[in-house]
Amino acid sequence: MIEPTKYIWMDGESIPWEKAKIHVLSHSLHYGGGVFEGIRCYQTAKGRVALFRPREHIKRLLYSASVLKMEVPYTHDELIDALTLTVQRNALKNGYIRPLIFYGYGKMGLLPTGAPLHVCIACWPWGSYLGEETIRLHISSYRRIHPQTTDIQAKICGHYTNSILAGLESAHHGYDEALLLDGEGNIAEGPGENVFMVRNGELFTPSTKTVLKGITRDTIMQLADEMNIPVHEQTITPDELKQADEVFLTGTAAEITPVRVIDKVSIGNENIGPVTHSLKSRFTGIINGEDILSTNWLYYV
Ligand SMILES: Cc1ncc(COP(=O)(O)O)c(C=O)c1O
């Protein structure tokens with residue numbers, strides 16, 4: 001269950017958590033036409049709390065909103081201030097922040113034009129999303145949303161029904177998480193995570209033609225570059241992934257989650273491999289504020 005904090009920022013003001021309510025006829029609730037982000041904050045070794053790459057998340061949020069032609073009445077910087085205020089007012093240390101922009105009550109019919117737009121930011125303590133250890137993946141029978149049917153770079157609420165279906169199916173089969181293929185049957189991504197494989201010490205990940213440009217994905221690619229690990233963005237078949245030396249998922253919620261099994265096939269010796277381990281340790285140093293690269297990515301509140 002979600003652990004409530006005290007305040008939610010809604011349309012410009014902080015209101016008590018339990019008062020942040022909407023009408024059942026809110027437009028986005030019916031048709032999925034809202035947009036959202038997931039951002040983490042960390043208690044760093046400096047004793048201060050920092051948001052991880054909030055500028056990139058807000059930029060993506062505003063991009064998603066523009067895809068749905070939302071006229072957001074707040075600027076990028078005002079939203080960053082609202083994130084900071086929400087984390088501060090709730091005295092959140094290690095947690096998750098959820099900005100959501102949606103069409104509210106006042107209009108029915110598919111086109112949201114004319115419905116009032118609402119912007120809110122909630123946050124709460126949230127530990128590791130997929131557990132602390134290695135996980136088992138199920139290749140979904142559902143294909144990932146296709147770039148020709150929607151804008152896959154927008155985090156639109158309705159897109160996540162595809163993720164929910166894949167997640168329910170993988171849970172039904174007793175797996176920890178799903179992995180979806182693209183329209184051509186190659187590896188795409190998880191329901192809310194990007195995927196990487198390691199082969200002969202090099203990193204491979206699907207290109208953003210078919211997957212979300214994850215901010216954690218980008219962090220890992222920059223880190224790999226720094227650590228002289230070659231990175232290739234290219235097509236990966238399900239067989240190639242199953243034969244990889246190491247596989248891991250990345251995402252704001254999942255952070256870096258090593259994979260030990262895909263559809264009953266063991267990956268490596270089912271332990272965290274050396275490349276995943278070194279990337280994960282470097283990532284931990286960054287979010288703790290101890291790594292030199294933290295200065296680029298941590299935003300102290
Ligand atoms: C479909 C999908 N892929 C990948 C990711 C990982 O992206 P990020 O690292 O920016 O959280 C997410 C999470 O936002 C997602 O929803």
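## Ligand site

An oxygen atom of the ligand lies 2.9 Å from an N or O atom in the side chain of Arg 60. This is a polar contact, a pair of N or O atoms within 3.5 Å; within protein, one must be able to donate a hydrogen and the other to accept it, and residues adjacent in sequence count only if both atoms are side-chain atoms. This is a predicted model, in which local features need pLDDT of at least 70 and side-chain atom pairs count only at pLDDT 80 or more, while totals for chains, interfaces and linings use all residues. Residues are numbered from 1 along each chain as its sequence is written, and side-chain values use heavy atoms, with hydrogens and water left out.

The side chain of Thr 216 has an N or O atom 2.5 Å from an oxygen atom of the ligand. A nitrogen atom of the ligand is 2.7 Å from a polar side-chain atom of Glu 189. On its own the ligand has 380 Å² of accessible area, and the protein covers 96% of it. Accessible areas come from the Shrake-Rupley method with a 1.4 Å probe; for residues, only the protein chains shown count as cover. The ligand is surrounded by 16 residues, the closest being Lys 155, Tyr 160, Ile 215, Thr 216 and Thr 252.

## Helix H4

Helices (H or I, at least four residues) and strands (E, at least two) are DSSP runs, numbered from the N terminus. Helix H4 covers residues 160-172, and its 13 residues should span 18 Å at 1.5 Å a residue; the end C-alpha atoms are 18 Å apart, which agrees. The expected span is 1.5 Å times one less than the number of residues.

Tyr 160, Asn 162, Ser 163, Ala 166, Glu 169 and Ser 170 are the buried residues of H4. Buried means under 20% relative accessible area, exposed over 50%, and partly exposed in between (1.4 Å probe, protein chains only). The cover over these buried residues includes strand S3 (35-36), strand S8 (135-143) and strand S9 (177-181). After H4 comes Gly 174, with a positive phi near 85°.

## Nonpolar cores

A nonpolar core is a set of buried Ala, Val, Leu, Ile, Met, Phe, Trp, Tyr and Cys residues joined through side-chain atoms within 4.5 Å. In soluble globular proteins, nonpolar side chains tend to be buried together. The largest core here has 28 residues, of which Met 70, Val 72, Ile 97 and Ile 101 touch the most other members. At least two residues of this core come from each of strand S4 (39-43), strand S5 (49-52), helix H2 (54-67), helix H3 (76-89), strand S6 (95-103) and strand S7 (117-125). H3 gives the largest share, five residues. A second, separate core of 21 residues includes Phe 248, Leu 279, Ile 286 and Leu 298.

Contact means heavy atoms within 4.5 Å. Setting aside neighbours within four places in sequence, Val 72 is in contact with Leu 62, Ala 65, Ile 101, Leu 117 and Val 119. Leu 79 is in helix H3 and is buried, with a relative accessible area of 1%. Not counting residues up to four places away in sequence, Leu 79 touches Trp 9, Ile 58, Leu 61, Leu 62, Tyr 74, Val 119 and Ile 121. Leu 61 is 18 residues from Leu 79 along the chain, and their C-alpha atoms are separated by 9.9 Å.

Arg 217 sits in helix H5 (residues 215-226). It counts as buried because its relative accessibility is 5%. Leaving aside neighbours within four places in sequence, the contacts of Arg 217 include Asn 194, Phe 196, Glu 233 and Thr 250.

Helix H7 (residues 274-287) has 14 residues and reaches 20 Å from first C-alpha to last, close to the 20 Å expected at 1.5 Å a residue. Among its buried residues are Val 275, Leu 279, Arg 282 and Ile 286.

Most residues other than glycine have a negative phi, and most peptide bonds are trans. Ala 91 is not a glycine, yet its phi is positive, about 50°. Ala 91 lies in the loop between H3 and S6 and is exposed, with a relative accessible area of 55%.

Lys 264, also a residue other than glycine, has a positive phi near 75°. Its place is the loop between strand S15 (255-262) and strand S16 (265-266). Lys 264 counts as exposed, at 75% relative accessibility.

Definitions and conventions: Near = heavy atom within 4 Å.
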